[in-house]
Amino acid sequence: IVQCKSNGNRAMWVKVPVDKSYLIPVVFKHGFTYHHAEGNHAMLLKWLPDNVECKVPPYASHQIGVAGIVVNEEENKVLVVQDRQKKPIWKFPGGLSDEGEDIGHTAEREVFEETGIKSEFQSIVLFRQQHKMRSAFNKSDIFVVCRMKPLTSDIILCDDEIAACQWMPINELLVHSDTTPLIKLGAKLVMYGMKYGHEHFDVTATKMRSWVDPTQTFKLYHKPL
């Protein structure tokens with residue numbers, strides 16, 4: 001610790017594997033605290049400057065949920081589901097994004113897992129940010145709703161998660177009592193896009209190469225130019 005301070009380091013880290021977890025109380029006695037734990041190890045942090053607020057950001061402050069509005073534009077219908085374990089409201093199929101998974105891929109995967117429908121990501125329609133979510137261990141939640149193009153139409157629902165699934169007329173969903181304002185807003189935006197053009201609200205993805213690490217690529221989401 002003395003050496004790190006003399007070197008001008010501002011933070012000191014200790015990675016403790018699970019088979020050495022008996023050392024954690026010893027490390028705590030030297031002023032370290034938990035920063036995060038993952039898999040088979042814990043990361044402990046000590047902020048070194050005296051009388052300076054810790055500048056190390058907290059770990060994993062948000063989780064990402066993604067839903068897909070799968071739209072059959074020829075029949076003016078959308079794919080909706082009711083969860084088996086939650087309040088039976090009609091909503092768009094979706095779930096949490098896996099680590100390292102793009103938003104569009106999450107939407108495609110979740111739609112298929114819950115309904116058996118293959119679909120293709122088109123754009124982001126809207127997203128919601130909510131804090132202190134009980135289901136996210138009181139962390140924040142970002143919920144992204146995507147517009148999807150159906151590639152198949154035959155429903156094969158997941159019995160473990162889904163109680164009901166159907167292609168519902170958009171007009172029916174807009175006046176349904178067993179849904180939420182967010183779902184209705186998503187349906188309204190899609191209906192508006194079908195009438196006047198999706199480019200009015202679409203946020204699409206462009207794959208770009210990182211200028212920080214040229215070996216990496218990322219998805220940049222923006223309205224089309």
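This briefing looks at one residue, Gln-82, and at pairs of aromatic rings. The model is predicted, and the values given below are computed from it. Gln-82 belongs to strand E5, which covers residues 77-83, while the aromatic pairs in the model come to three by the rule applied here.

- Asp-213 is 131 residues from Gln-82 in sequence, and the two C-alpha atoms are 42 Å apart in space.

**Aromatic pairs**

- A pair of aromatic rings is described by two quantities, namely the distance of the centres and the angle of the planes.
- The count of aromatic pairs is three, and one of them joins Phe-28 and Tyr-34, whose ring centres are 5.1 Å apart and whose planes meet at 65°; because an angle over 60 degrees counts as edge-to-face, the pair of Phe-28 and Tyr-34 is edge-to-face.
- Trp-211 and Phe-218 also form an edge-to-face aromatic pair, with 5.6 Å from centre to centre and 85° between the planes.

**Exposure of the paired residues**

- Phe-28 is partly exposed, since its relative accessible area is 33%, a value that lies between the limits of 20% and 50%.
- Within the other pair described, Trp-211 is exposed, with a relative accessible area of 68%, whereas Phe-218 is partly exposed, with a relative accessible area of 26%.

Definitions and conventions:
Residues are numbered from 1 along each chain as its sequence is written. This is a predicted model: local features need pLDDT of at least 70, side-chain atom pairs count only at pLDDT 80 or more; totals for chains, interfaces and linings use all residues. Side-chain values use heavy atoms; hydrogens and water are left out. Helices (H or I, at least four residues) and strands (E, at least two) are DSSP runs, numbered from the N terminus. Rings of Phe, Tyr and Trp (its six-membered ring) pair if their centres lie within 6.5 Å; planes under 30 degrees apart count as stacked, over 60 as edge-to-face and the rest as tilted. Buried means under 20% relative accessible area, exposed over 50%, partly exposed in between (1.4 Å probe, protein chains only).
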